[in-house]
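Hi there,

Here is the structure I promised to pass on. Have a look at it first, and my notes on pockets and rings follow below.

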Amino acid sequence: MKLLVGLGNPGPEYARNRHNIGFMALDAVASAFSFGPWKRRFQGETCEGLIGGDKVVALKPLTYMNLSGQSVGEAARFLKIPPSDIVVIHDELDLPPAKLRTKIGGGHGGHNGLKSIDAHLGTKDYVRVRLGIGHPGDKNLVADYVLHDFGKGDMAWVHDMVDAIADNLATLLKGDEAGFMNKIVRALEPPKTK
């Protein structure tokens, strides 16, 4: 069983925020694989389904970003899912918009959701799918930037990215991080003109 976590903040006022791209990705995955209905548990919302033969529990923590680890830790303990079978999808300031990277472990890079998950799991050895949202250029502007909605011009690449994640997630769940990233890069490449 895999635990697939999307990070964001609960409530309609945050739904289109840059910080909520993890929730957006999870919604795309749940829709693409016809997961069951969302239910309240583990201080979040969960739904379940199959991806490439793996049972997957999708989790959107409803604890607000800074306390995401409370929800993730509770779910992991109850479901007996080790960190190596947890995938966390989150926004990443240090990547340009529409870029994606995966990694296992490493620092939280100032991301409060990851900081909370590290503390509650007691380890950093889970898979992170880092979705680039760009940086406002000044660290003093970061909080305002991540808590603002994507612009209308951004929504096309956001939809393309979350759909590409859903289309290729089975590759990542089989442990092929490089293959997953390569497929996403190819999916997001602009069409070649003749």
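I'll begin with the second largest pocket, which holds about 160 Å³ of space. Before the rest, some ground rules: this is a predicted model, in which local features need pLDDT of at least 70 and side-chain atom pairs count only at pLDDT 80 or more, while totals for chains, interfaces and linings use all residues. Residues are numbered from 1 along each chain as its sequence is written, and side-chain values use heavy atoms, with hydrogens and water left out.

A pocket here is an open set of points on a 1 Å grid over the protein atoms alone, where a 1.4 Å probe fits, with protein on both sides within 12 Å along at least five of seven lines; lining residues have an atom within 4 Å of a point. Volume is the space filled by probe spheres set on the points, which are joined across faces, edges and corners.

The lining of this second largest pocket includes Phe 23, Asp 27, Glu 45 and Lys 60. Helix H1 (residues 21–32) gives the most to that lining, with three residues (helices are DSSP runs of H or I with at least four residues, strands are E runs of at least two, numbered from the N terminus). By class, the lining has six nonpolar, three polar and three charged residues (Asp, Glu, Lys and Arg count as charged; Ala, Val, Leu, Ile, Met, Phe, Trp, Tyr, Cys and Pro as nonpolar; the others, Gly among them, as polar).

Lys 60 is worth a look. Its charged end sits over the ring of Phe 23, 5.5 Å from the centre, and Lys 60 also lies over the face of Trp 38, at 4.4 Å from the ring centre (the cut-offs are NZ of Lys or CZ of Arg within 6 Å of the ring centre and within 35 degrees of the ring normal).

The largest pocket has about 350 Å³ of space. Its lining counts 19 residues, with His 19, Gly 110, His 111, Asn 112 and Val 146 nearest the centre. Helix H4 supplies the largest share, three residues.

Finally, there are three aromatic pairs (ring centres of Phe, Tyr or Trp, the last by its six-membered ring, within 6.5 Å; planes under 30 degrees apart are stacked, over 60 edge-to-face, the rest tilted). One of them is edge-to-face: Tyr 14 with Tyr 64, 6.1 Å centre to centre and 80° between the planes. Tyr 14 is in the loop between strand E1 (2–6) and H1, and Tyr 64 in the loop between strand E4 (54–61) and helix H2 (68–79), so this pair ties together parts 50 residues apart in sequence.

Best wishes
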